[in-house]
Amino acid sequence: MKRRTPPVQTAGPGDTYSSPPRRQTLYWRLFANYFLLILIPVIAASVLAQVLVVRIIEKDAERFNSIMMSRFSEQTDTELQSLKTSMINILSTSRLRSVLLAPMSSSPDGQQLPELLHSLREQLQQLESDDLVDKAYYYFVHQDLMIDAETYTNKAYYFHSRYPSDLNRRPQLEAELSGKKMMDFLDSPASLTASMSYPFNTAAPEVYLLVEVKRDKLQEQIHVPESWVTGTAIVDDTGRVLSQTGLTGQDQDALQQRIHTEGIAPQFTISDKLGMSFMTSSFDESWHYISMIDLGTLMKPVHITRFISWLFLVFFLIVGALISYYLSRRLYQPIREIKEGLRSHHFSGKAIRHEGNEFDVIKRYSQFIMTENKELFQMVSGMLPIVQEQFFTKILLGQYRDALSIEYYAKEIEFSYSEAAARAVLCISFHMDPSIYESTSESTKTFLLTELKEKIHRLAPGMVWICQTRPDLLACIVQFDPQLEDHPVRMAEQIRRIFLEYSTYYRATIGIGRTVHTMEELHQSYEHALAMLKYRGLHSAVEICSSQPCRETQQWDPFLSVQEVQRIHNQYKTREYDKLLQSVNTLLEEGKRKDATAVQMKYLLADVLNTWIRAVESERSELNVPYYAGLFERLNRCMTWDELTHCFQDIHGFLFRKPVSSSRSQQFMEVVEYIHEHYDQELSIEYFAGLMNMSSGHFSRTFKDEIGEKYVEYIAKYRLMKAKQFLLETDLKIDEIAEKVGYWGRNSFIRAFRRYEGITPAKYRSSHQ
């Protein structure tokens, strides 16, 4: 018998079974629908990616290169500027003048010279603790003397021992060292050396401070860790390469040829398969940062985007063909297969329940997406207040002065403001009460300031914006209706009441700026509010200075006359110390009677304090600069008449104190006890010598006679004893231990430890564990 094929479906009159041609017709019909609904948008998206997105990527690549160059150039300029500041500070605070004036060691008075040279070496050791510094030394022009962090000797021996392989180094160096220099870099192929002359403002200096910069550290600063950057360099206007990383000899030749032919061009240039970008240094206008870019690597995302666009187009074409073919065979296919395909997937590490129908599963996935988006939104919302405060600070400092940029950045950080409102800036200058300032921890100070900000915010939510432009200055931007002209004054009075609640801790002055009507004018109101602060009096702990000051600052002479200065010197010489304090009290009483401003009074009293110090220096061989600077800082913190009175009583008691009768041994035992308690701080020999009315050399010799060791040796050994305790009893890092025992940096600590113990701190810890 012949087997018959069972029919697929029941046929009606005149109908036939499904045939391949009809399935093909259904296939093409479904594929046409798919083409209209899916493929045409995909093709349009691909074309859009080719025409627009690819071009945007190319432009963004160029912009990203500029951003990267700006970042590493700013970091490098900051490091170099910091080095320059350190060199200026060392020359300003060093004892070079004493060394230049000191007699040679053969003279009976020349015994101070080793101590002076040792002090200079310690300063050079501090300078060499900088990561960017390889070696620092002093070059004396008119003396046969060289000083570095380890020794001092004559020039011939120094260059022979330090640079035996470079015989031309001394002639090259002496040829370069002429005239005034303020961190000029010498033209030396062997090293990159920064020079600074002393005295500063003279064309014929006596000493040069020379600092050899670590080329590898400088190369790390300018290194850009991007695969498309082949190398970076620093060059000057002449094309000389000061430092480079990643550049081959061929690249350097091409770079110099490009500079010699076309000059320094700030724009992004392309030559063959390489791109070149120039950026002028803010540290030295004759320096330029250069990055060389491999365009093939840089444009790789562009080619990938094009490939992915075509890949997606082909993918959708194949998928459409398969889906159309599949649906042509089966008119309906339940989405149950979607559910089965999702069983093996997890969302953010969480398994999704697959109970219910397919729509329920898809709904659960949507809920998970919404939950994660909500968490991300909360995180970003927590950062917005910080970003907005920085935005306000830049507006007040005048960095944003046009309405378009302010509107653009405000939208980016989701900050809304009214165009029609009036605004005024209240500047609040504050500091903590001197009596409790030293005993208050940093966390307590931060907590109190945060609490003050929150209370000011609650005065007018959404209408008061606060930012901290300086550590001691709060700026409150008050927004109000233009018809309420006295609103800033009323707001300042409410802020004054808040500060009065914290009068135990704070003294404050509130300056009211003028009213402005646009955001770009806020910097003018801020500057006006700052100007109002100078009208502050000294009668109140918290005072408001409005735009119409009640005090005038013109009718007051802020400086002592020549006769008054001479009178103070005569009273000091005749030991009439009580009259010195009485004259200050008289000035304070006159200031109270005339209702003088704090600025006027502090200028006058600063002149008095400066005259006192100069009078005291006439009988002291050494100047304790840090202590005297602290006196002026304390005077500047005073904000009431009582604080000024107590301040000068204390200063008078110290500067003009009568010597206390005590034995020399007892005095030096007190010095030793102080060292034991404050070994982690700076222990200047000048400080103790000044307390005992001795010179530094006399103090050092007497200290050795009384204690049995030199002052410097005793401090070093005691610090190392404490360091060994930290190494064996704690898990602190070497950098942290160095800071705890009073060393400026890791390198100086390791050198001192190796000098006295013979091994490094790390080896000492490992050998005793």
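The model is predicted, so local features need pLDDT of at least 70 and side-chain atom pairs count only at pLDDT 80 or more, while totals for chains, interfaces and linings use all residues. Residues are numbered from 1 along each chain as its sequence is written, and side-chain values use heavy atoms, with hydrogens and water left out.

**The sheet**

- Five strands form an open sheet in the order E15-E16-E14-E17-E18, with mixed pairing, where two strands pair if DSSP finds at least two bridges between them and where strands (E, at least two residues) and helices (H or I, at least four residues) are DSSP runs numbered from the N terminus.
- Strands E15 (464-470) and E18 (542-545) stand at the edges with a single partner strand each, so one side of each is left without a neighbour in the sheet.
- From one strand to the next the twist averages 20 degrees, with axes taken as lines fitted to C-alpha atoms, for helices over the stretch in contact, and angles running from 0 to 180 degrees between N-to-C directions.
- Strand E14 (residues 422-432) pairs with strand E16 (residues 473-480) in the antiparallel sense over eight bridges, and arginine 423 stands opposite glutamine 479 in E16.

**Helices on the sheet**

- Helix H14 (residues 442-459) packs on the sheet and touches E14, E15, E16 and strand E17 (506-512), its direction making about 150 degrees with that of E15; contact means heavy atoms within 4.5 Å.
- Helix H16 (residues 522-532) lies across E14, E15, E16, E17 and E18 and runs at about 40 degrees to E14.

**Threonine 393**

- Threonine 393, found in helix H11 (residues 358-396), is buried with a relative accessible area of 16%, on a scale where buried means under 20%, exposed over 50% and partly exposed in between (1.4 Å probe, protein chains only).
- Leaving aside neighbours within four places in sequence, threonine 393 is in contact with Cys467, Gln468 and Thr469.

**Aromatic pairs**

- The structure holds 31 aromatic pairs, counted when ring centres of Phe, Tyr and Trp (its six-membered ring) lie within 6.5 Å, with planes under 30 degrees apart called stacked, over 60 edge-to-face and the rest tilted.
- The rings of phenylalanine 668 and phenylalanine 699 have centres 5.4 Å apart and planes at 25 degrees, so the pair is stacked.
- Phenylalanine 668 lies in helix H22 (residues 664-677) and phenylalanine 699 in helix H24 (residues 696-707), so the pair ties together parts that are 31 residues apart in sequence.
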